[in-house]
Amino acid sequence: MEVLILDDEIGFTEELFEFFKNSGYKAYEANTVKKAREILSSQKIDLLILDVRIPGVSGLDILKEVKIKFPKMEVIVVSAHGDMDTVIKAIRFGAFDYLRKPFRHLDMQIAIQRTQKFHELNQKINHLEEKNSLISKSLKEKIDRQFIGVSPQIQKVLKQSLLAGNYADANVLITGESGTGKENIARIIHHSSSRRDHELLAVNSNAITGSLLESEFFGHKKGSFTGANADKIGYFEFCDKGTLFLDEIADMPFNLQAKLLRSIEEKVVIRVGDTKPIHTDFRIISATNVNIEENVNKKKFRLDLLHRLNTLHIHIPPLRERRSDIKPLLIYFINSFKIKFNKPNLKIDNIIFKGLMKYNFPGNVRELRNMVERAVILCEGELLGADDFPIESKKASEIENNSDSLNLKSVEVNLIKKALKATKYNQKSTAEILGISRDALIRKMKKHEINKHSQEES
Ligand SMILES: Nc1ncnc2c1ncn2[C@@H]1O[C@H](COP(=O)(O)OP(=O)(O)OP(=O)(O)O)[C@@H](O)[C@H]1O
């Protein structure tokens, strides 16, 4: 690690400089911001020790500047004043740790060791992520998600998506079970296309109420119905030169489908209550997890609209059909959540992989992600083991109605108790972690006679 100490007190920087040198670090000292900027631009500094109270400048501004210019640099702030407000702000702006003057060399050593561990972990994670990531770093930043996988099936999906990116006017239909990553693919297509600098709007077709639907898509003119207090543009106009992502397309009400078809074909909309046609240049990416052709047969979905929407068709296979993606996804999610929940030392017992490789993942990647989140939150030690991934109890729960397994009961009781403890006996959060409703949690607590409060409290 290369360390820079920035403080206006010469005695302080000299003392710390000596300490760092003797501890084997390459250190630099600066008593002015100007000098610090010179060193930052000419050396590869990993860690900045920053006094937040330098006369005439705001330490927080320096922190912000450093975090923008050198996002990977860690910062430990020091202050003689114990000014908690500034400290809280500094931590929010990305400082890793805080020391209050005067501090012992031992305190600094501990802070540096933590920083170094975190730094190494981050490097390891970045390396792993890049190894298993199918997309470039810049695309990852644009879509604001990672896309992990190694299987030939998912590589084919990515290839088709990048190809769809090249044909920015062709509508794309993405099919696949829930949680397979359809929205990820929609984002990849948009951001790798020439429409990337314009809007990508994601609309869940079954989340809009019937009467508002038409005005949401086409916009409306002021006064066209009660409540239309001003002119409003609709989704199609909003996505001019961009992309409209229609999720759950199969649920689109039948009476709206003909109107959508017309706008999609003519690239023209007429706002509700108006007569003036408005030209808008959008591309539609739609997604569904049901067999839309069945809906066509049942006369629930228009065949002509389907033909308009699926100029290109991308199908994402379920996770159980591309099992080689399970391990890289698992490692990726564990690493993300151990950072998020501040458990950097968490390790994985290899036995987990065995169990998960046999599991069918009806909820696909989303289920795996939630499973890992729950395991990382609930894990009390530093090793994630088979107990943290209650796959067996999931399988067993399918036969719960027929057999009163003692084993299953104890797994369930333990899990509920662990979750209650982790959430400090908050039933709403516990139910969320366990993926069940609050009512179901209360029923289970009653059934197993589990206390509502911790034993120590009652
Ligand atoms: N290959 C992948 N790499 C990393 N994360 C993924 C991958 N595939 C899916 N995910 C994650 O899984 C979760 C579910 O993905 P997404 O919402 O895209 O699925 P979906 O198919 O659109 O689901 P639904 O049909 O329910 O809308 C998200 O958190 C997403 O980031």
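Q: Over how many bridges do strand 6 (residues 74-79) and strand 7 pair?
A: The model is predicted, with local features needing pLDDT of at least 70, side-chain atom pairs counting only at pLDDT 80 or more, and totals for chains, interfaces and linings using all residues. Residues are numbered from 1 along each chain as its sequence is written. Helices (DSSP runs of H or I, at least four residues) and strands (runs of E, at least two) are numbered from the N terminus, and two strands pair if DSSP finds at least two bridges between them. Strand 6 and strand 7 pair in the parallel sense, and the number of bridges is four.

Q: Which residue is the bridge partner of V77 in strand 7?
A: Strand 6 and strand 7 are a parallel pair. Within strand 7, the partner of V77 is Y98.

Q: How many of the residues of strand 3 are buried?
A: A residue is buried if 20 or more other C-beta atoms, placed from the backbone, lie within 10 Å of its own, exposed if 12 or fewer, and partly exposed in between. L47, I49 and D51 point one way from strand 3 and L48 and L50 the other way, all of them buried. Strand 3 is mostly covered, and the buried count out of its five residues is five.

Q: Which residue in strand 6 is the bridge partner of L47?
A: Strand 1 (residues 2-6) runs parallel to strand 3 and is joined to it by four bridges, with L4 opposite L48. Strand 3 also pairs in the parallel sense with strand 6, over five bridges. The bridge partner of L47 in strand 6 is E74.

Q: Which feature does UniProt place at D51?
A: D51 is in strand 3 and counts as buried because 20 other C-beta atoms lie within 10 Å. Leaving aside neighbours within four places in sequence, D51 is in contact (C-beta atoms, placed from the backbone, within 7 Å) with L6, D7, D8, G59, V78 and S79. UniProt positions are in the numbering used here, feature names are shortened, and annotations may be inferred rather than shown by experiment. The unreviewed UniProt entry gives D51 as "modified residue: 4-aspartylphosphate".

Q: Where does the cis peptide bond with omega near -5° lie?
A: Most peptide bonds are trans. P102 lies in the loop between strand 7 (97-100) and helix 5 (105-132). The cis bond runs from K101 to P102.

Q: Is F361 buried or exposed?
A: F361 has a positive phi of about 45° although it is not a glycine. F361 is found in the loop between helix 15 (351-358) and helix 16 (364-378). With 20 C-beta neighbours inside 10 Å, F361 counts as buried.

Q: Which residue in strand 13 stands opposite L246?
A: Another open sheet of five strands has the order 9-10-13-8-14, with parallel pairing. Strand 10 (residues 243-247) and strand 13 (residues 283-288) pair over four bridges. Opposite L246 stands S286.

Q: How many residues of the shell around the ligand are charged?
A: The ligand is surrounded by 19 residues (C-beta atom, placed from the backbone, within 6 Å), the closest being S178, G181, K182, E183 and V365. Helix 8 (182-191) and helix 16 each supply at least two residues of this shell. Ala, Val, Leu, Ile, Met, Phe, Trp, Tyr, Cys and Pro count as nonpolar, Asp, Glu, Lys and Arg as charged, and the others, Gly among them, as polar. The shell holds four nonpolar and nine polar residues, and the charged ones number six.

Definitions and conventions
Two residues are in contact if their C-beta atoms, placed from the backbone, lie within 7 Å.
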